[in-house]
Amino acid sequence: MSVFVFACVFGGTIFGIFLRNALPEHHLSGATKDVVRLGTGLIGTIAALVLGLLIASANTTYQTQSSQVQQLTANIVVLDHTLAQYGPETDLARNLLRRAVPVLADRIWHDNRSESAKAEPFEASAAGLSFYDEILKLSPRDDTQRSLQARAVDAAQDLAKTRLLLFAEAGMTIPMPFLVVLVSWLAIIFASYSLFADNNATTIIALGIFALSASASIFLILELSQPFTGLMMISSEPLRNALAPLGS
């Protein structure tokens, strides 16, 4: 996608050069240049504002979902410690939790990178349901165990709520029409730059570097708005390795 953006923006530069060579000289007068610069300044200001807002929004999305994964990891560790305090009766539940964590991680990263998964209704995994049933089946012998069971149930519910939040936010990406309009603005801006610039290698190289920089901002927006895929993907390793093997 970012390569396509660069091609469109730099294509605007090439179009401006072509237009400069094709237009009669009186169409490139100082008055015309002033009008084009005023229009370009307006579009540039709007594009800069939109880019800033998109980067801020994408960064918020990234930070929010990263925090949710951290919260999920913390809830799993707390839940396991609570069950360990309950007693050896929870060994089966804790083993089920260890089997459920990799399944949970696989589903989170799959749901957030697969377009077909985003359209499917949410369904709890069989491993997760079995684990929750095991907590409910516990038979506390005293007030301490009753308290620990209640805390385990609350922690499991918090875990489920955080997982549902991640599922609900899986389809929140930057709308394609929004990006098309933004890229069009950038292409127009670069076309206006090259329209009145000298046609030499230094100008073309400089505009190419500027186009690459503008495309990099779009790349940053796309990467931040999709935290579970790409070069800036949130790592699943902390979640997968949150629990040591039982008995270790």
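**Exercise 1.** By about how many helical turns are F6 and F10 separated in helix α1?

*Solution.* Keep in mind that this is a predicted model. Start with the spacing: F6 and F10 sit four residues apart in helix α1 (residues 2-22), so about one helical turn separates them. Next, check accessibility. F6 comes out at 27% and counts as partly exposed; F10, at 21%, is partly exposed too.

**Exercise 2.** Work out how the rings of W109 and F228 are arranged, and which parts of the chain they tie together.

*Solution.* Begin with the geometry: the ring centres of W109 and F228 are 5.0 Å apart, with the planes at 85°. Planes over 60 degrees apart count as edge-to-face, so that's what this pair is. Now place the residues. W109 belongs to helix α3 (residues 91-113), while F228 is in the loop between α8 (201-225) and α9 (237-240), so the pair links parts 119 residues apart in sequence. Finally, both W109 and F228 are buried.

**Exercise 3.** Describe how helices α2 and α7 pack, and what kinds of residues make the contact.

*Solution.* First, the layout: α2 (residues 30-86) and α7 (residues 176-195) pack at about 145°, their axes 9 Å apart. The crossing of α2 and α7 is left-handed. Then look at who meets whom: the α2 side includes V36, I43 and L54, and the α7 side includes F178, W185 and Y193. Sorted by class, the contact of α2 with α7 has 13 nonpolar residues, three polar and no charged ones.

How values were computed. Residues are numbered from 1 along each chain as its sequence is written. This is a predicted model: local features need pLDDT of at least 70, side-chain atom pairs count only at pLDDT 80 or more; totals for chains, interfaces and linings use all residues. Side-chain values use heavy atoms; hydrogens and water are left out. Axes are lines fitted to C-alpha atoms, for helices over the stretch in contact, and angles run from 0 to 180 degrees between N-to-C directions. Helices (H or I, at least four residues) and strands (E, at least two) are DSSP runs, numbered from the N terminus. A crossing is left-handed if the near helix is turned anticlockwise from the far one by less than a right angle, and right-handed if clockwise. Contact means heavy atoms within 4.5 Å. Ala, Val, Leu, Ile, Met, Phe, Trp, Tyr, Cys and Pro count as nonpolar, Asp, Glu, Lys and Arg as charged, and the others, Gly among them, as polar. Buried means under 20% relative accessible area, exposed over 50%, partly exposed in between (1.4 Å probe, protein chains only). Rings of Phe, Tyr and Trp (its six-membered ring) pair if their centres lie within 6.5 Å; planes under 30 degrees apart count as stacked, over 60 as edge-to-face and the rest as tilted.
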